[in-house]
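Q: Could you walk me through the pockets in this one? Start with the terms, please.

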Amino acid sequence: MGALVGATALVLAVTGTASAHPAHHTGPDRQVLPARDGWAAYGTGTTGGAAADPAHVYTVTTWEQFKAALADGGSAPKIVRVKGTIDADGPGCDSFAVPGYDFAAYLKTYDPAVWGRTKTLDAEPDDSPEGLRRASAARQDASIKAAVPANTTIVGIGRDAGFKGASLQIKGVDNVIVRNLAFESPLDCFPQWDPTDTADGNWNSEYDSAVVHGSTHVWIDHDTFTDGDHPDSTLPSYYGRIYQQHDGELDVVKGSDYVTVSWNVFEDHDKTILIGNSDSAATAAVDRGHLKVTFHHNLFRNLVERAPRVRFGQVDSYNNHFVAGDGYSYTYGIGMESRLVAEHNAFTLPDGVRAGSVLKKWKEAPVTAADNHVNGRPVDLLAVHNAEVPGETLQAGAGWTPQLRTRIDRPQAVPGIVGRHAGAGHLR
């Protein structure tokens, strides 16, 4: 792995060791990632906008102010302080629809009884219902996405700061910190119908609350990610399939590296976190050897799957608490060339959910799973998976040993510690 360079150790040491409450002598807007706190501490470490001069410290209360602050000053160190809840959706879905778009016409045109299930909608012209949907979707895309520049700290002020319907794009940059914010997942106003996605077709949506795309040294800390007022249970169905308006909560893709995700709450969501988004050869060429991500002291509650699903990544997941609810499918997705280490975690599973379902095999890849507790008792997750799902046997030994960790709590203590300190509003 290699050691941290000396300069990094000196820069990061000022905040002490990782804890639920980092150094008290520095305000949260200028705190940097502590030394050895996960993959984001590797190499140059992660300082965000801690070096910002007074001209590049902003306090924002609207979406327009937020996007303007991000754009001001390029990649000069900046701190953006978010006050209150900012709604990125503005007046709502109708405001994004282009003239002529009609959802009833869309449903009539692409009804499987009329269109069939063997041809996609990709070749539909611009003046078709699908073309008008694409144009409407492009307007929403331009409105709710915010590009985060390098050397930036985005931090919520107080206990009620956050975003509704926003998608942070941490794309092609280095050195970003996002802390103390509550994210209510964006609601895709214009999902696309794909008749060929599964035998029954599917509605596919866009927009994650945050995307780390081709970026390095990113620290996501003390945030809360949820579907809020629009859980999947409230979404309608068309063509016999749920009209899915949610994508993920956090994705780390396209060769991103050195990411630490700590003390967050991820809850009430289906497809939660992707590390690597494709098995394709083109994706492999970009992702292989990258996607190094640490998850620690996070609460994952009432999720269906992907906490996370991993392709290619060298992922360290420790001291997290996973609480399964209705519709639970799996926690860790073992994908193409992944090397997951899952240690010292706590799992709370309801009656009827077996421990063997915590791991899900998508591709042949080795896993290290040690000192994990299920409902308060030690369980060998690999052994129970292989016993309960013999057709999807997983191999032991991810082939690496995480070095970038600070505090390691006993798994018996993790539910209490994480429950008290994880999520937005708990940062001091």
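A: Residue classes, to begin: Ala, Val, Leu, Ile, Met, Phe, Trp, Tyr, Cys and Pro count as nonpolar, Asp, Glu, Lys and Arg as charged, and the others, Gly among them, as polar. The model is predicted: local features need pLDDT of at least 70, side-chain atom pairs count only at pLDDT 80 or more, and totals for chains, interfaces and linings use all residues. Numbering starts from 1 along each chain as its sequence is written, and side-chain values use heavy atoms, without hydrogens and water.

Q: How do the residues lining the second largest pocket divide by class?
A: Nine are charged, four polar and four nonpolar. A pocket is an open set of points on a 1 Å grid over the protein atoms alone, where a 1.4 Å probe fits, with protein on both sides within 12 Å along at least five of seven lines; lining residues have an atom within 4 Å of a point.

Q: Which residues lie nearest its centre?
A: Glu206, Asp208, Asp247, Asp251 and Asn277.

Q: Which strand gives the largest share of that lining?
A: S5, with three residues. Strands are DSSP runs of E, at least two residues, and helices runs of H or I, at least four, numbered from the N terminus.

Q: Now the largest pocket. What volume?
A: About 540 Å³. Volume is the space filled by probe spheres set on the points, which are joined across faces, edges and corners.

Q: Which residues are closest to its centre?
A: Trp203, Asn204, Ser205, Gln244 and Lys271, out of 25 lining residues.

Q: And its classes?
A: Twelve charged, eight polar and five nonpolar residues.
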